[in-house]
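Subject: Structure for your review

Dear colleague,

Please find the structure below, together with its sequence. My notes on what was found follow it.

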2 protein chains.
Amino acid sequence: MHRLPPRHLPRVLVLGLVPIAAWFVVRPLLDPVPPLPALYTSVGFSIFAFLSTVYLVLALGQTFVKAGLKGGDLLKPYRHEIPIPESMGLVCASVYILLLMLFIPFAFSNFIMNFASQKHHLEGISVVEFPHHQLSVYLSSLLSLLIATMLGFLDDVFDIRWRHKLPIPIIASIPLLMVYYAERGNTHVVVPLPLRFMFGTVVNLGPLYYIYMALLSTFSTNSINILAGINGSEVSQALIIAISVILNDLLYLPWPMDFRIPLHLLGNKAEVEFGGVWSAGMAHGSRELVERHLFSLYFMMPLVAVCLGFMYHNWYPARAFPGDTLCYVTGMAFAVVGIQAHFSKTLLLFFIPQIFNFVMSCPQLFGLVPCPRHRVPRYDPDTNLLYPSTTEFPKPPSRITNVTLRTMAALGLTELALHPSTGAIQTATNLTILNFLLVRLGPMNEKRLVQVLMCSQVAGSVLAFVVRYGLAGLVYDGDRR
Amino acid sequence: MHRLPPRHLPRVLVLGLVPIAAWFVVRPLLDPVPPLPALYTSVGFSIFAFLSTVYLVLALGQTFVKAGLKGGDLLKPYRHEIPIPESMGLVCASVYILLLMLFIPFAFSNFIMNFASQKHHLEGISVVEFPHHQLSVYLSSLLSLLIATMLGFLDDVFDIRWRHKLPIPIIASIPLLMVYYAERGNTHVVVPLPLRFMFGTVVNLGPLYYIYMALLSTFSTNSINILAGINGSEVSQALIIAISVILNDLLYLPWPMDFRIPLHLLGNKAEVEFGGVWSAGMAHGSRELVERHLFSLYFMMPLVAVCLGFMYHNWYPARAFPGDTLCYVTGMAFAVVGIQAHFSKTLLLFFIPQIFNFVMSCPQLFGLVPCPRHRVPRYDPDTNLLYPSTTEFPKPPSRITNVTLRTMAALGLTELALHPSTGAIQTATNLTILNFLLVRLGPMNEKRLVQVLMCSQVAGSVLAFVVRYGLAGLVYDGDRR
């Protein structure tokens, strides 16, 4: 056996989804024109993106294997027998970016915009489409995504060491930063209430803001990349974060209905009103806020689609691996919407598991604790279960390492094996969220572990919404940027 | 011996050029501001591009070899012993695109533009910089270049068959076309004088214009790609075409001096005036024409720089191969300036040797004559000379093939070997410009052949200028688009 039985695209899915997608794509051209025409097209394109990804990942798998882009599945009994195509995130990224390019005329062409605005000039907040000058912002975002894809693929081909690849996303963020500068982007931030006595209400960060943007893209990219190693882990994180961003965006759109949520239960000072054509949901009639969140939706909906399509093949037991390419392009997509649509703080809240994983990893990333080449859990072929993997200390660790590890063990983050007589640390479980979950919940199989990981990501997003729309009222007033 | 002695970057070049480049980059910020500030920066960036390319192609060569991106030099005695790094056009493309991105704030930021316009608001044609709304055009060009780079590299990694890769540049031209459409780009063309009785002065090509643009990028990319095979052939074509475009652009800029060239000698109806701040050379005071040719210069000057830098290592005997990546990115760069700066007809004139090679290749490309995997000339290790390579006819060719080949032989384009008794064609020299040169001029070594090729490219450009500024007056009046 040289290949796992492939997962085909069910024909019923194709026959069912293609007409629906086609209807969504052409909907803006049909009378009566909907209030947000390009949004329909974006939904249609996303469905096509899903179908294309499912089809192409299957169709191109063996081409990748032949070109040497392959790897054994570390946590499987057939590890050395069956090569799995690697770097197939390239296919997702290509479909994603191609569709975002083909979307340009729908979002920006004068023809469609004029057509739509004639119909809607009287109806409430006149959000026909985001304005023409935003085209360069959109294009700079595409450039960043494309560079991220390219660098991710080069990373896969040349196998760059992780210490060298940490700053790679900064290169990909150059177009974002350059256009942000050329367009005189806003570098002011709202100061939290407790600090206003020092800085005032708004402070201009100037060049610091650019550093912040570059670091944001570095973080979002690498934090997904280091939470990897089991089937479906990378793509499921990206999927859940993207869905969370979409849910957040939807709160700011003009909806035909109007509803309230009792946010005072979460600690907010006032009721928050969602929806309504006239008040445009949480945008409170701000055309700019609606446009920003539309922009975010245009990037996030196809991302969800390609992630879903890829997950179909990447799900346990995986038929395709994402490679660094997928982590780079998804991470950059999040950075793009966070920066361009100005909700980077909210975005970071959706990265709670990644932040946890990163903080936990620091002792290994920065050399305090030995870091093996792979930190994925250990696979036991007899039980088919995963156990926490460990890092070894051939000689007793230094004092600071000792204190760090014993503190982490006391917090339940790692498990130590001590020398029976001296009590010195001999091994510690590797400091990743995956090993942490196995330490806390006991050994489980790979499929179960990725499900637990996804649950923790969902829980993180729920917490994020509570913090954003509940607790944030304590440190910020309604002034959003 | 596993490696040819590398060509190092002479330290005196670094020490001499770095301060000059730095001065050019910061020149726009120094008082008095020059009339075209970003042009200075572009020159400075180009010098840096040259130095970076020379350095990086050397530094990364062995990394490419290790990653499997390598090939034997077909026309050398050490063909099987020494691997030469392949696809190193990727380095050129990366340096090129990175610098074009870093150039954005210099060309488009309000700060520099305002700074410059304050100084120059009184001096003749007020070309401070090309306007802000052109940013999206610039970004779409970068996207196309980046996609071309990516696809070229994928072509190198996956080794796509040439029939499949012919349409690849169309994908790369999508951003160009989409933004052209969204920006309501001009689809009118001026009709040549002899046809005006039918179509009028100007005709709107509509969708045909988009097809024309897509085909232009396909042609410019593939025509360079098929004129390949000997050390330095690809990069020298790109270099000479880029220099020709630059010379043409310079005719449209406002120069401090003013001079005339007696173009009536070339058959033009009127004297043509070059230079002069007030009349802005051949732009005749048209701000738009000056801006278009500035745009072209911003793309062509760094291209010349990276080509020169790469040629340093690609020159006979080559230390690095360009791969398809270089052909794709340079071809797309020419398409970009031809389309965005609206001089596609002039541009095509600079492709005379490529058009000749393409037309000559057609019988082999379209299956009339057998097409071997490589059509490069044949190398004779004893004499170190190149001879025309041949394609064989195991059975007598069909009638149409017979007629085609005998006609081409009569024109001196190929040399046939006939069966001594039946007179049937047994072999024919491959139908490329390289074999044609060897047929006409006799065997020569590889270095000499590339020099001859370069001479023919230069001759083609001289002819192009004669046609453009001499004969074109016969079929076009002064109305340029």
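Please bear in mind that this is a predicted model. The notes concern how its chains meet and how they are related.

On the side of chain A that touches chain B, at least two residues each come from helices H2 (37-66), H3 (89-102), H4 (104-108), H5 (110-120), H6 (135-158) and H9 (174-182) of chain A. Helix H6(A) gives the largest share of that side, with 14 residues. Sorted by class, the side of chain A that touches chain B holds 29 nonpolar, seven polar and two charged residues.

As for extent, the size of an interface is often given as the accessible area lost when the parts come together. Here, about 3400 Å² is buried between chain A and chain B, and carbon and sulfur atoms give 87% of this area. Within chain A, the residues that lose the most area to chain B are A:Leu143, A:Met150 and A:Phe158, which together make up 18% of what that side buries. In total, 38 residues of chain A are in contact with 38 residues of chain B.

How are the two chains related? Chain A is superposed on chain B by a rotation of 180° with 0.0 Å of shift along the axis, at an RMSD of 0.0 Å. This is therefore the relation of a two-fold axis. The C-alpha of A:Ser136 is the one in chain A nearest the axis, at 2.3 Å from it. Both copies use the same surface, as 100% of the contact residues of chain A recur in chain B.

Yours sincerely,
A colleague

Notes
Residues numbered from 1 in each chain as written. Chains lettered and ligands numbered in written order. Predicted model: local features only at pLDDT ≥ 70, side-chain atom pairs only at ≥ 80, totals over all residues. Heavy atoms only, no water. Contact = heavy atoms within 4.5 Å. Buried area = accessible area lost by both parts, 1.4 Å probe. Helix = DSSP H or I, 4+ residues; strand = E, 2+ residues; numbered from the N terminus. Nonpolar A, V, L, I, M, F, W, Y, C, P; charged D, E, K, R; others polar. Least-squares fit on C-alpha atoms with pLDDT ≥ 70 in both.
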